[in-house]
Amino acid sequence: MSSIRKIQISPGISWVEIPEADLYILCACPADSVKHLMKRGLILEVDKRGVRCETGPNAILLSDVLLQNGHFANLAEFPVLQMLYRQGLILPNHPNNTGVRPMLIGSAEQVASQMKYILRGNYGLLSTEEIMEAGIPRATAEEMMRLKLRFAFGKIRGFDELLDARIIANQPVELRNGVMIHRLALNHFAIEYAGSTVEVDLNLPHGQGYESPYPLGFHRVAREYFGVIHSGEGDGWDINRPSMASIIMYQGKLYLVDAGPNLLGSLSALGIGVGEIEGLFHTHAHDDHFAGITTLMRGGRRIKYFSTPLVRAAVIRKLKALLSLREEEFHHFFEVHDLKSDTWNDYEGLEVKPVVSPHPIETTILIFRVLAEDGYRAFGHFADIISLSVLEKMVTEENTRPGVTRDYLDLIRRRYIAPLTIKKLDIGGGMIHGDAEDFRDDKSGKIILCHSALPLSKKQREIGSSAPFGSTDVLIPSCTDFLRGAAMVYLRSYFPSAPDHQLAALANNAISEFNPGTIILRERERHAEMWLVLTGTVEGIQTDQNLYIVVTAGGILGEMSCLHGTPATLTFRATTFVQALRMPHRTTLGFVKKYDFYAQLERMHEGRAFLQETALFGEVIPYPKQNELAQAMQRRTYLPGESVEMENRMLGLIRSGLLEEVFGDDVFARLGPRDFYGEEDAVFDIPPFHTLRVLETTEVEEIPGHLLRDLPIVRWKLYETIEKRRRRILQSNPYGLSTWNWRDEFAVGVRRVDNQHIRLFALGGAVLRAIDQGADVRQETDRERIGAALQNLMNYTVTHFQDEEILIRKHGFPGYREHRKRHRELLLEMEEISRQVNAGQACMEIQGFSHFFENWLVSHILIDDRQFGKVLNESGIY
């Protein structure tokens with residue numbers, strides 16, 4: 001019998017167990033990975049020496065890449081919480097607490113990222129100062145920290161104190177008790193023990209996402225004037241239901257309340273495309289309310305983001321820990337609308353009041369109201385809340401101790417039972433969730449009980465109702481046809497100069513509904529109408545040419561084949577419930593000819609077809625935006641030997657030909673048809689740190705960069721491209737990890753700054769060499785040598801940052817404040833590394849410091865500093 005066993009849990013997720021070595025490894029931890037283990041019987045409730053607890057993993061192998069096909073591959077928050085608390089691995093006197101810490105395994109970058117992200121997930125903002133930065137007065141911020149510290153049992157602890165780590169670089173690494181792991185390729189590992197080996201491949205096939213642990217079916221939802229779609233009533237441990245969430249309907253528009261795991265699956269089950277979401281109201285940043293946010297960040301347009309500045313600050317810091325995303329980038333993915341706490345905030349007639357909720361991280365309950373003929377109708381989304389009995393135990397009148405005042409408890413009690421039309425409650429219990437009994441005397445019209453993996457008890461069923469996935473509550477019914485209004489908006493994007501009355505005539509055709517799986521148009525068949533998609537999602541398939549496109553609200557199916565009277569070139573099939581406007585051939589053709597739109601439609605169709613063939617634009621870009629890009633494209637040809645213009649604020653898309661990407665003397669990549677270039681200058685205002693050589697006659701389409709800057713899915717992919725290029729540059733260091741040499745290509749173009757950067761590189765290389773000579777900081781000689789090298793680097797970094805800040809402020813660099821803030825963050829991280837070394841807390845690993853050096857200092861120079869270098873050069877400063 002093999003001493004090691006591997007189980008494939010679902011695509012991209014595996015389980016490896018070596019019982020003899022007491023090692024049980026969850027391989028990859030996307031959202032809901034714990035629920036998958038529960039469903040497979042790999043997490044079970046057991047009795048251990050009279051204590052009820054769970055089995056499960058005691059190690060997590062992280063993906064080498066954080067995002068796969070747009071989905072988070074590493075979300076270790078819930079798996080770590082399951083190990084620490086539900087298994088009891090850190091609980092005092094628990095039979096499972098043997099002193100052996102749970103383990104994170106992976107690259108230095110991913111391990112460090114997950115440690116920071118779990119810290120933010122557990123505590124949110126970490127200090128009174130961080131809370132004050134969100135606009136909170138000091139006295140209130142100090143009260144918030146008292147509550148936070150009470151939840152944290154008096155101290156905010158770094159997760160490096162609770163978790164073990166194994167960094168996988170290029171050599172085999174021992175995990176525990178003779179179990180070895182080594183990387184075979186990116187995301188491909190071999191695990192060995194006692195002569196047995198298994199291979200683990202964490203790569204997802206192209207185009208495939210992580211599977212949901214629960215089926216949701218398909219639901220047909222009518223759009224109402226004011227109402228609520230219930231899109232989740234479970235919690236982060238419920239294996240059968242999505243986590244607590246709602247969708248607000250208001251005047252035909254849809255607003256999410258929280259963005260939990262498997263968001264795309266939930267929306268598809270409800271017949272809603274991501275492009276139909278108007279905004280997100282966010283309560284807090286725990287993963288069961290946060291993990292779906294990348295689905296929205298990878299959408300085809302910026303959606304509106306509503307929260308208090310306090311909640312937003314916690315969300316951004318958690319995203320930053322995961323993605324290494326600069327804080328100001330958040331505004332390029334979302335249209336931010338800050339809400340004032342304890343105040344009715346009016347957004348186009350939808351009023352919302354956020355109320356601070358006692359929770360370990362920054363959290364608000366949200367109350368929505370709309371004026372009806374008999375007064376306001378109101379819906380309250382109370383996630384996450386704490387039971388009054390638990391809050392009672394936190395009461396202390398000693399203002400220096402963690403806890404809350406009696407007045408605060410009374411305030412929360414009054415807020416809880418204020419009557420509303422409908423109130424949706426977290427009743428998850430325990431230390432950080434609510435209790436249905438607190439609402440037994442609540443006079444609200446309807447109470448809904450949620451956020452629990454358990455069935456409702458008889459006592460709970462006396463208090464409140466359930467709200468199954470896809471059910472709705474209508475507070476104000478609709479007397480308006482919102483779909484006709486949407487049709488007018490979409491038609492205007494195709495025919496911007498057409499008179500309103502003519503568009504109204506086109507919109508006055510029949511709206512049909514198609515069930516999921518229905519073929520709407522079939523390839524090679526003629527059809528007498530085209531269809532304007534109003535809700536839902538349609539796939540377009542042509543297997544002979546290996547074409548696959550996704551059409552969402554605003555897209556027209558079969559327009560050119562209908563106008564030409566030729567067979568359809570793709571098969572269009574509904575993947576959700578779909579509503580679409582029928583546009584008959586004769587009526588539409590007459591309209592197109594009358595207003596001479598034929599050439600415009602041809603150009604838009606041809607441009608869209610090209611965009612859809614590219615990896616950059618080939619998913620979820622709304623058709624109105626595709627039309628805008630198609631009309632703005634300009635064609636250009638480069639001959640061999642010519643210079644490719646890289647700083648003209650245009651993104652280049654290659655139609656044909658071949659280019660070569662060069663950094664110094666190194667060739668990094670070849671770019672062919674449907675590849676792109678120029679994103680640094682066009683979208684991010686960064687001078688390119690590479691050049692392009694023309695190898696063959698190359699025809700390109702140039703797109704103005706300003707059209708792409710706030711297009712989330714495209715910006716995301718372009719940001720990833722810059723990061724990959726940066727890593728290739730860093731990995732091209734010919735001297736190995738222990739030596740970092742300056743390259744002229746790193747120059748920002750300001751001599752004084754470049755000379756200081758050269759010195760920083762030398763000092764960073766000295767730290768790496770010191771670690772290379774011996775990295776056990778528990779040994780005095782190693783600790784002193786590494787500590788001295790670190791101190792030299794820190795001292796010079798402080799001087800350099802001060803000098804740089806004076807220079808860029810003097811010459812009016814517009815990004816001065818953000819740049820200064822990044823300097824402060826870098827210094828804080830350096831101070832923490834120095835503190836750990838001087839305290840002899842852990843062994844320094846060369847890969848760990850090299851990761852820090854690359855991702856902070858070198859990347860800061862390659863990206864951030866080059867931005868101000870360009871501005872100073874334009875002012876004549878060199």
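In what order do the seven strands of the open sheet run? I looked this up first in the model, which is a predicted one. The order is E20-E19-E18-E17-E16-E15-E27, and the pairing is mixed. I noted strand E20 (334–338) and strand E27 (472–476) as the edge strands, each with pairing on one side only. From one strand to the next, the twist averages 25 degrees.

**Inside and on the sheet**

Strand E16 (residues 245–250) and strand E17 (residues 253–257) run antiparallel and are joined by five bridges. Looking for the partner of Ile-248, I found Tyr-255 in E17. I also checked what packs on the sheet: helix H9 (residues 309–323) does, touching strand E19 (303–307) and E20. The direction of H9 makes about 115 degrees with that of E19.

E1 (residues 5–10) runs antiparallel to E2, with five bridges between them, and Ile-7 stands opposite Trp-15 in E2. Their hairpin has two residues between the strands, and there I found Gly-12 with a positive phi near 85 degrees.

On to the next pair: E2 and strand E3 (residues 23–27) are antiparallel too, over five bridges, with Val-16 opposite Ile-25 in E3. This hairpin has four residues between its strands, and Asp-22 in the turn shows a positive phi of about 50 degrees.

Is E2 enclosed or open? Six of the six residues of E2 (residues 13–18) are buried, so this strand is largely enclosed by the rest of the structure. I recalled that side chains in a regular strand alternate between the two faces of the sheet. Here Ile-13, Trp-15 and Glu-17 lie on one side and Ser-14, Val-16 and Ile-18 on the other, and both faces are covered.

My last stop was H3 (residues 108–123). At 1.5 Å a residue, its 16 residues should span 22 Å; I find the end C-alpha atoms 23 Å apart, which agrees. Of those 16 residues, 14 are buried, so H3 is largely enclosed by the rest of the structure. Just after H3, Gly-124 takes a positive phi of about 70 degrees.

How do H2 (residues 77–86) and H3 pack? Their axes are 10 Å apart, at an angle of about 70 degrees, which makes H2 roughly perpendicular to H3. I listed the residues that meet: Glu-77, Val-80, Leu-81 and Tyr-85 from H2, and Tyr-117, Ile-118, Gly-121 and Asn-122 from H3. By type, the contact divides into five nonpolar, two polar and one charged.

Terms used:
Residues numbered from 1 in each chain as written. Predicted model: local features only at pLDDT ≥ 70, side-chain atom pairs only at ≥ 80, totals over all residues. Heavy atoms only, no water. Expected span 1.5 Å × (residues − 1). Buried < 20%, exposed > 50% of the residue type's maximum accessible area, 1.4 Å probe, protein only. Pairing = 2+ DSSP bridges. Axes fitted to C-alpha atoms, helices over the stretch in contact; angles between N-to-C directions. Contact = heavy atoms within 4.5 Å. Parallel < 35°, antiparallel > 145°, perpendicular 65-115°, else oblique. Nonpolar A, V, L, I, M, F, W, Y, C, P; charged D, E, K, R; others polar.
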